[in-house]
Amino acid sequence: MVELEGYVVVPLRPTPQAKHCHSVYMREHFIRLMDPNKPKGRTLFLLNVPPYVTEDSLKTVFGRAGIVEAVEFAAKPGKEETIKWYEGTGEPFSNTRPPFKFKVAYIVFQKSSSIGKALALKSIDLFNSSGECLLQTGMQLWHDEYEGNYLLEAHKAKIQVSKYMAGYDKRERAAAEAAKTGEADADGWVTVGKEGRNAGFEQKASVVERLEQKVARDHKSKELKNFYTFQIRESKMQNIVEMRKKFEEDKRKIELLKQSRRFKPF
Amino acid sequence: MMLKAKRKPGKSDRIPKKTSKKADRADSQEDSSAVDHLHLEQSTPSSDDGFDEPEPTPAKKNPIQVTTKPKNNKFKQKNETKNVKPPTLEEMKELRDTQNLFHSNLFKLQVKEMLEELQLKTKYMEFIDSWLESFTVFTQQLKDGLMERTNLEVPLNLQQKPSGFVFSKPTKEPYLIGAAATGTLLGPKIVVDVALEMPKESLHKEDYLNLRYDQKRALYLTYVTERMQESPNYANDQFKFNYLANNPLKPVLELTPVAKQVTKHLQVRLFITAPLSSFKPGRFVPWNNNIRPSFYGDEWDEEEPLPSTQHYNANVLFDLTLAENQAHLEKAFKGRRNFQDGLLLLKVWLRQRELCIGYSGFGSHILAAYIVYLNSQRILHQSSSSYQVARTVWNQLANTDWTKGISLAPASIQTEELTKLASHYDVCFMDFTGQLNFCANVPLSLYQRVREEAKLAVDLLNDMKLNSFPLIFMQKCPLYSRVDNILKITNYSCVNQMLMLHSQPKFKYDYAKYGYPQLLQLLTELLKKGLAERVQSIIPLETATTAWLVENKAPSIGKYIQLGLILQPDHAYEVLNKGPATNEDPEGAAEFRRFWGERSNLRRFQDGSITEAVVWGTAQDSPAKKRQIVRQIVLHLLEHHLQLEGKDVQFIGAELDQVYRLSPWFKVNKLKTKLILDQDTDAEALSPHVIRCYDELARQLHGLNGLPLEIVSISGTSPIFRYCEPQPVLPQARVAGKHILASHVQRVVIQLGQSGKWPNELTALRALKTAFLIEIGEKLEAQCRLQWVMSAEGLLVLKQGFCFLIELAHSKELALLKQEVTERGVTTYVDNPASRTLERHHYILPKVSGALHSLHQSLSAFGPTVMLAKRWLATQLLDDGLWPEMATELLVAHLFQQRNAPQAIAAPQTGFIRFLQLLAHSDFTGELFLLNFNNSWQEQQVADLEHSYRSDRQSYPPLALATSYDIQHAGRLWTSDQSPSQRVLGHVTRLARHGLQIIETSLMSKDLRFVRPAQLFRGSNEGYDLVIQLKPDLVPNSLSYDLGSPFVSFSQPNFHLPPAGADRMARIVGQLRSAYSDFAAFFYNPHGGKELAIVWRPPTDFAPKPFKVTELQACSPCENGKVQVLKETLLEDFKMLLKDFYLRISTPEELKREQREHQQPKRYFNAKQPQEKSSLKPKKQKIQKDAEQEAPPKKKRLIKSSALKALN
C-alpha cells in the first residue's frame, strides 16, 4: 500500500480488468474548524475523485466498510466549497448540475470504526460482484439523461408545480403575517413592510441612488455657478488641465500600441 | 421588500450624502489640484495669460465641483501640485490644435508614430547622395561613339531591330526624380529613381515617328548599362531590366548596389529621358499621329485623317517633360516637411489599396502633382499640417471631377484648350508644361475607384465614433478582395485572337501594339454595355512585371488580363434584360438583337408591351442560382462577340458557395412534404421555408384563446431566422412514441403581458413558467392540432416537419438571478454569469437577431457569407465551444457595415475572403469590434468604452465584441476567456492566413485555376496527437455538402434523426472539455464530424511534480514522493465516457497510412483487437513526439501543422 504525505493511495477501478487507473488519496478528515456536516472522527476525506464518480457509487463502495451516512463532493478542500458545489442543483425546474470535473469527496460514516476499515481497502472498486460497472456512461447514460431529466412529462410536471406553489404560497402568507404583527425579534429589530403607517422606503440600490441624486441636486441648486471671478478662472484652468490630461493619456495609449508594433504599414 | 432598519431612520438619509461626497472627491481630484495651482500662481501676474476663452460645455460643469470643497485644498496641496504647471504658449497651441484639427489626440499621435516609422534612415540618404555623386562622375567619363554589338539584350520587344546607333555622352548631370527628389521615399524596398538625359544630338528630327525614339532610348540605356557593368565601381552590383509600370516601351535599369547594409532594401532605377526641345513643339499633342499604320504593315485610306495616338504621345511626353516637372515638384516639396509627410500618408493609403500597380495604375506621382496643384489653387496652404494635406487631397479628390481636365500649367503656357485635350483621354490632369497628361493611362473606372476610396477616407475621418487610423493606413485591402467577381483570360491563343480580330486598329496604333490596354479597352466596353447597371465598375487587376537579368531577352508582356467586377447588388441579379419595344424603336430592337444574339427573344409583358428581351432565369430561382446570372451574361457575351468559349476563360464568382448546399447523398424526393424542394437546393434557399413556418406558428400563438396572460412578443433566436444557419434544414422532424425526432431545433422566445402576480422566488417562478408552457402546449394541441413535448429547456412543438423550442422570458427571472443583498441590507442587482447568459438568450439575442435579419434584407450577401464562414470554421474542427457561432456572425456583420470598403459586398465569396482577411490581419488585443446598430452608441459612450478597453484590457476576453444592445455588458457578452481562448484565436489567425495564401496565389498566378472548395473546406490532419473515431452509425451526418473528413475517407453517410434537443456530440465534448481541458484540447467538426481529435498539452504538464493537495487532479504517485499525470489513465477515462460511441483510438499518422493502403476502416464489431493495440501504441508515439519537439521544427511542414503545434 502506498502512502504519500499522510494519504493512503488506492487505485480506483471502474472494471475488474482495468489497468490504468486513477489514484485516489484517502485520509481521515481533520481540520481545526470542523463542519458539523462532516463530523470529526467519522468522516473520510478523498482527493482526486474522477469526474464521472457519483455519490451513490461511492456510497455503495464504502458501504463495504460500514454504514455510510452521507457522501458529499467539493471542487477543492475548504469551508464553503461543498455548498458552492451543490449551489442551485437541488432546486426543481432548474437545469443547473454540479460541475463535471475532478473533485474531492467527504464520506461520513455512522461509526468511527468504519474509517479504519475504509482506509484498509486495497482499491476502490466501482463494480459489483459480477464485474458490472456501478457507473452509467456512454449511450445508456445519455439516454437516461434525456428521458429522465431533459424531457418532462406534462401531467407529472403539473402536479409538481401545483405542489410547489402551494408550499410557496404558504410561506409567503406567513411572511406577510409576520410583517403585519410588527413585533420585535430577539435582537430588537422590527420587520417593516412597504405598506402601513411605519413604512420605510424600499432598500433597493435603485431607490437609494435616486434619493442620493435628489440630495445632490438640492445641494447643487444652492450653488452659484460661474459667478465669481475665481470660479471663471478656475473653470478655464480646469479646461486646460483636462486637455492636458487627455493628451497624456493618449500618449500613454500610444506607448502601449508602440509596444505591439502596430505602426508599420507594410 | 422588507427592511430591517427602522429604528434609525436618519441614518439611511445620511449615508447617501457621504457617498456622494466621496464620489465627488474622486471625480475632482484634478479640480482641486487646479485650485491649488491657482492659489500658488495668483501672486505671479502671468498666471491668467495662457488661458483663452474656455469652451462652454466644460465650463458649466466644472466649477461646481471645485467650489464644493475648497477646504480640502490644504490637505492635497503637496502631492497634487506637480500636475499643474502653467502651460506655455506653445503647449497651449498644440493642445488646441489637436482638439480642433483632429478628433482625438490619438489619431494625431498615431499618424506621428507611423511617420516616424516610415522615416528613412540617414544611412540611406547618405548612400543615395554618394551614389549619385559617383554616378555623375561616371557619366562624365562616358565617351561618344558608335554602339557596336553588345552582349546585352536591348530591353525592348519589337520586331524591327534598329541599325546603327551613335552614342553621344550626356551633357546634363543625372538627377533624382520621383520620391527621392521630393523626399518621400517609402520602405520597405526603397526605390531611388534617377534620370539621365540623352543629349539632343542623339536624336534626329525624324525620330518622333514609328517608335524610333523608344528604340533609341532603349539603346541608350543598354549602352550606359554596359559601360556601367564594365566600370569597377559597379562591378559587383546586380543589373536587371524591368518595364516601368508594365509599359513595354519604357524599360528601366534596376540596379541593386552591393554596399553594406543598404543592399537588401535599396534599389536604384535608371530612367533615360530626352530634352523637351528635341522635337518640334506640338509634335506630341494628343490628336497627332506618330505611329503610321504602314509601320505595322496596315493599309490606311489616304483620305481619312490618320488616327490619333494620344496614349503613345503621352508616353513620349512623359520623358520629355520629366526634367521640368521634376523641377517644379522639387521646388514645391523641398524643405516642406508638412507636404512631404502629407504625401507619405497618401502614398501609404494608396499602396494599401493597390491602386497604383501596373500600366493602368494611379501612380503616386499624380498625388504629388495634385498637392502642388491644390497649393497653387490656394486650397492648400503652405503651412498646412501633414494631416491637413492628406485630408484636403482626399476631400478634393472626392469632390472634383478630372474628366473635364485640370491643369497645373499657368494660363500663359496652357495653349491648348483643356476640354479639347481632355476629350482624348478618360481622365485629364495636365502637367506644368501643359503638354503631358499625368493620367493618360488611367482608365475611368480606376479613377472613379480612387475617388470612392478617397471619399471613404474622408467619411472615416469624420466619424467621431471610430478610430479610423488602422482602417485608413494599416489595413491591407488588396484589390482582389474588393471586387465581387473576377474575369481572368490567360489563354495565349484566345488573347491573340481577340487582338487580331476584334481590337480596332486605331487602338493598336494608339497603344503601340501593346496588348494589355487594347484588351482592357475591348473587354470593358463590351462588358459595360452588356452588364449595364448590374455592374458598378470594372477595374483592371494588374500585377507588376518582374525584372529580368540584363543578359536575357526582354519578355513579351500584356498577353493576359484580369478584370474585377464590382456589382451593384440591387440590379446585378435581375433575371431579365429588356430591350426597346419593337413597334416604337425598330432600329433599337434590331441593335439589341444583334448585341445579344440568339438569347434575345420577342416577348410580351404583362403591361402589354412587346419588346425584345433576354431572360436569364426565373424569379423563383434560388438566390445562389441568381448569383450565376452575371457569369452567364459575361460568358455569353464573350462567346457571342469574341468567340471565346467557356473553357478558355475563367470567371471566378461563386466557386466556394457549394459548401452550404444540400448533401447529394440525401435524396429530397424521399421526403414527404408539401414544400417543393430541389435536389440541388442549399441552406440559403431553405431558410425562408423555416421562417415562413415560424411566422405561421407565431400567428397561431398570438391567436390562442383562453390563456391567462396574452403573449405579447414572439421572436426567433436561432441562426436560421437571420439566414445564418449553414446546415440545410429540411422538414423531416417527426414524432416517434413520446419523443420528437429532429436534427435541428429552432429556438423561439416569447414574452407575456404584464402581471403583478408572479412570485418573488426563483424556483417558484420557474415552476409557474413550466406550468404556463404546458398550458400553451395543451392549447396548441387543442386549437391548432400541433404536437408538443415538454422539456427542461422549454416547450418542443412540431409544425410541418420543423421543430421549435418555445422558451418563456420573464424579466423577474433575470432580476431574481441578479439580486444580491449587500452587507448594509440594500438590495442590488449585479450581473453574474448565469444572469448574463439568461439576458443574452432572452433579451439581447432577439434584438440582435432582428438587427442581423434586417441587415440580410438590405444586403443579401450577408447570410451566405456567414454560412461560408461558419462552414469553414466547422471544417477546421472548431465548434461552438471553441469559437462561438455568434462571434462569427457579428464579425461578418462588422464587415458588412460600410466601413471597410466604399461599396457593399455583393458576392458571398468576396465576403468570405474579407472574413479571412479580418481574421488574419486583425489586432485582436488592440481592437474591440463594435457593432453600432442604428448608431445608438453615443460618442461619449464609445470613447469611454475604448478607454476602458485600452486601460483595462485584461478584464476583457481575448476577442471582444459589442453591439448596441449590450451596452452594459460591452465586450463581455458574446465571448469569454474560454471561447475563443487566446490559443484558439491564434490558431484561427494562422488558419486564416494559410487559407488566404492559397486563395491569393491561385488568383495572382497566370496558370492556376481558382481554389477548389476542398482545398479550403477540409481541415488538415496534421498536428493532432490522437484521433478518436466514433461509430459512424451513431453520429448522424449533417445535411450540408461534405468535402470529407481530414482523417478518414468517405463512408456511407447516415441521416438518422436524433431526439430533438439532445445534441449529443456537443454535450459529450462539453463534458470532456470541462473535465480534461487542463490536459488536452478537443476538436471536432460540429457539422457531422465523426472523429474527435485530441492535442495533448505540452509535455511539461505531464512531468512529475511535488505533491500538493490543490493540484492533484488526475495525478498518480511516482518516484520520490512526486506525482504525475499519466496519459494512459486519461485515455481510459475517455474510453469510459465514450463507451458505446467510440470505435477506436489511433494517431493521425496511422490513419493516414491506412488510407494509403486502401484498407477498409475497421468496423466496431471487429475492432476489439485493434483497440487494445492502439491503447499501447500511443505511448510509443508520445516518446517520438517528445523527441520531435526538442528537435528544431522542420521548415517544410505545412503552415497548418505548425499552427496546431503552437496550440500547446
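Modeller: Helices (H or I, at least four residues) and strands (E, at least two) are DSSP runs, numbered from the N terminus. This is a predicted model, in which local features need pLDDT of at least 70, side-chain atom pairs count only at pLDDT 80 or more, and totals for chains, interfaces and linings use all residues. Residues are numbered from 1 along each chain as its sequence is written, while chains are lettered from A and ligands numbered from 1 in the order in which they are written.

Colleague: How far apart are the end C-alpha atoms of residues 1022-1145 of chain B?

Modeller: An unreviewed UniProt entry includes this span under "domain: Nrap protein", an annotation that may be inferred rather than shown by experiment. The span is 19% helix and 23% strand, and its end C-alpha atoms are separated by 16 Å.

Colleague: In strand 23 of chain B, which residue is the bridge partner of B:Met790?

Modeller: Strand 22 (residues 787-791) of chain B pairs antiparallel with strand 23 over four bridges, pairing being at least two DSSP bridges. Three residues lie between these strands in a hairpin, and the bridge partner of B:Met790 is B:Leu795.

Colleague: Which residue takes a positive phi in the hairpin of strand 23 and strand 24 of chain B?

Modeller: Strand 23 (residues 795-799) and strand 24 (residues 802-809) of chain B run antiparallel, joined by five bridges, and B:Leu796 has B:Leu805 as its bridge partner. Two residues separate the strands in this hairpin, and the positive phi, near 50 degrees, belongs to B:Gln800.

Methods: Buried ≥ 20, exposed ≤ 12 C-beta atoms within 10 Å, placed from the backbone.
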